[in-house]
Amino acid sequence: MSQSSLTKTPPHSKESEMMVLGCMLTNINSLNTAVDRLDDSDFYFPEHRYIFSVMRNLYKADKPADVHLVAEELKRIEKLKAVGGISYLTTLAQYAGTSAYIEHYAEIVRNKAVLRRMAQAAQEIEKEALNEPEDVFSSLDQAQQMLFKISQSNTTNVGVTIQDVLSGVYSDSKLPYLKQLEKRQEEFINRPEGDLGIQGLSSHFMDLDRTLNGLGNSNLIIIAGRPAMGKTVMAMNIAENVALKGGKPVGIFSLEMTAEQLLQRLVCSHSEIESEKLQTGSLSGIEYQSVVSTVKELQKHTIVIDDQPGIKISDLRARARRMKEAYNIQVLIVDYLQLLTGSNSNRNSDSRQNEISEISRLLKNLARELDIPVICLSQLSRKVEERTGHRPMMSDLRESGSIEQDADVVIFMLRRDYYDPMDKPGMAELIIAKNRHGSIGNINLSFKKQFVKFLNYAPEEASV
């Protein structure tokens, strides 16, 4: 009797649902994790569905979701009383405390939801079978579809066959591989003079584009160097070129500089007006008109800047997804890696290497998920300063965990005139130390310090 009554109760775990909601109310990382993994229908209790729905909507609107804000939103939609009032929300927050096991509780909630869906499907299948339908095999097909739908909504892709890849099923063009190759061959033969024929997004630095074949989608590109080598300048020049010359939306996460400071650099670079003149306002009439022209040009293009400092990698990933959805950004720049924090807020020296490893791995996953190039700036160790010639090496990245392994491209920046003003003044060198999909080598650029701007290197400039 008792066993029969137990089987009639759909599978659920009230404690796990309470833990998930409580963690979401008290920890932004838990909020990100739960929204990514769960849906309203995964919760068994109606009050929990209402609370989760409100927090998810606040998350999507990029708003905080603490006890008072959630209570206000529930009050607005006239559901606060239905969930037990603000006292129940407070109970949830206190119930969860500072638990760090949100993934496990979310998995329990999701698994119970799958079991409920299976039970419901089984009941419908049983009801259909007991009605003895005329077309048995049609009913069997419907039963299989029900279970398959549950399976598909709760499992990840099991992979693709090489035949599907060759047939073009998974390509954007939907053309078979050989047809794509023929099209590329035809485009290569008929390309206009001066067209580099690159496949990725153009940075408009010609030698860099030739070597990398452009900025490839789903690639994690690390630009590394010691302080004052020009990493941020290089990243902002690429952003400027992609947006203004290429007409593509760009996303930037700036953990070190404010949006206003980055804007100042963009205006300085594009207008070629010294930064000091922009800061002091000592502009001639012609220079002011140049700035006006630059501002009008910038207003025509999309460059999205998120300058929230001290951001966690989980928050960055969530914001990047929304940035992609809202603005369809075609490249993402992160300045810089060492200012990010991992999912675990502990910052002791023993765990920092593992934390950086987690960050680099998740950035690579983000590049693949959004299918865009992610350019991440990184600091190098002081070993570079001690080395004769100050040339960076791959080993300078090793203390930063798995950056070297996760990155598709690793570029080191070197300006010799920083160490010796007479050593190749006005020049910079990009050292491509790793290129997973092509060749490596060194690239020269011209550097206009007064305009915070890198330019394609022309050999004749050196003799001027």
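The buried residues of helix α3 are covered by elements that include α2 (14-26), α4 (46-60), α7 and α16. This is a predicted model, in which local features need pLDDT of at least 70, side-chain atom pairs count only at pLDDT 80 or more, and totals for chains, interfaces and linings use all residues. Residues are numbered from 1 along each chain as its sequence is written, and side-chain values use heavy atoms, with hydrogens and water left out. The protein chain contains 20 helices and nine strands; helices (H or I, at least four residues) and strands (E, at least two) are DSSP runs, numbered from the N terminus.

**The chain as a whole**

- Of the 464 residues of the protein chain, 44% count as buried, where buried means under 20% relative accessible area, exposed means over 50%, and partly exposed lies in between (1.4 Å probe, protein chains only).
- Among contacts in the protein chain with a separation of 6 or more, 65% are accounted for by residues 24 or more positions apart; a contact means heavy atoms within 4.5 Å.

**Helix α3 and its cover**

- Helix α3 is mostly covered, since seven of its 10 residues are buried.
- These buried residues are Asn29, Ser30, Leu31, Asn32, Thr33, Ala34 and Val35.

**Helix α3 against helix α7**

- Two packed helices are described by the angle between their axes and the distance between the axes.
- Helix α3 (residues 28-37) packs with helix α7 (residues 102-130) at an angle of about 25°, and their axes are 10 Å apart. Axes are lines fitted to C-alpha atoms, for helices over the stretch in contact, and angles run from 0 to 180 degrees between N-to-C directions.
- α3 and α7 are therefore roughly parallel to each other; angles under 35 degrees count as roughly parallel, over 145 as roughly antiparallel, 65 to 115 as roughly perpendicular and the rest as oblique.
- The crossing of α3 and α7 is right-handed. A crossing is right-handed if the near helix is turned clockwise from the far one by less than a right angle, and left-handed if anticlockwise.
- At this contact, Ser30, Thr33 and Arg37 in α3 meet Ile102, Glu103 and Arg110 in α7.
- The residues of the contact of α3 with α7 comprise one nonpolar, two polar and three charged. Ala, Val, Leu, Ile, Met, Phe, Trp, Tyr, Cys and Pro count as nonpolar, Asp, Glu, Lys and Arg as charged, and the others, Gly among them, as polar.

**Helix α3 against helix α16**

- The axes of α3 and α16 come within 9 Å and cross at roughly 50°.
- α3 and α16 are therefore oblique to each other, and α3 passes α16 in a left-handed crossing.
- Ile28, Asn29, Asn32 and Asp36 in α3 meet Ser314, Asp315, Ala318 and Arg321 in α16.
- By class, two nonpolar, three polar and three charged residues make up the contact of α3 with α16.

**The sheet**

- Nine strands form an open sheet with mixed pairing, in the order β3-β2-β4-β5-β1-β6-β7-β8-β9; two strands pair if DSSP finds at least two bridges between them.
- β3 (303-306) and β9 stand at the edges with a single partner strand each, so one side of each is left without a neighbour in the sheet.
- On average, neighbouring strands of this sheet are turned by 25° against each other, direction ignored.

**Hairpins of the sheet**

- Strand β7 (residues 427-435) runs antiparallel to β8, and six bridges join the two.
- Five residues lie between β7 and β8 in their hairpin.
- Met427 stands opposite Ser446 in β8, and Glu429 has Asn444 of β8 as its bridge partner.
- Strand β8 (residues 441-448) pairs with strand β9 (residues 453-456) in the antiparallel sense over four bridges, and Lys448 stands opposite Lys453 in β9.
- The hairpin of β8 and β9 has four residues between the strands, and Val452 there takes a positive phi near 40°.

**Helices on the sheet**

- Helix α13 (residues 259-271) lies across β2 (250-254), β3 and β9, and runs at about 145° to β3.
- Helix α16 (residues 313-327) packs on the sheet and touches β2, β3 and β4 (331-335), with its direction at about 155° to that of β2.
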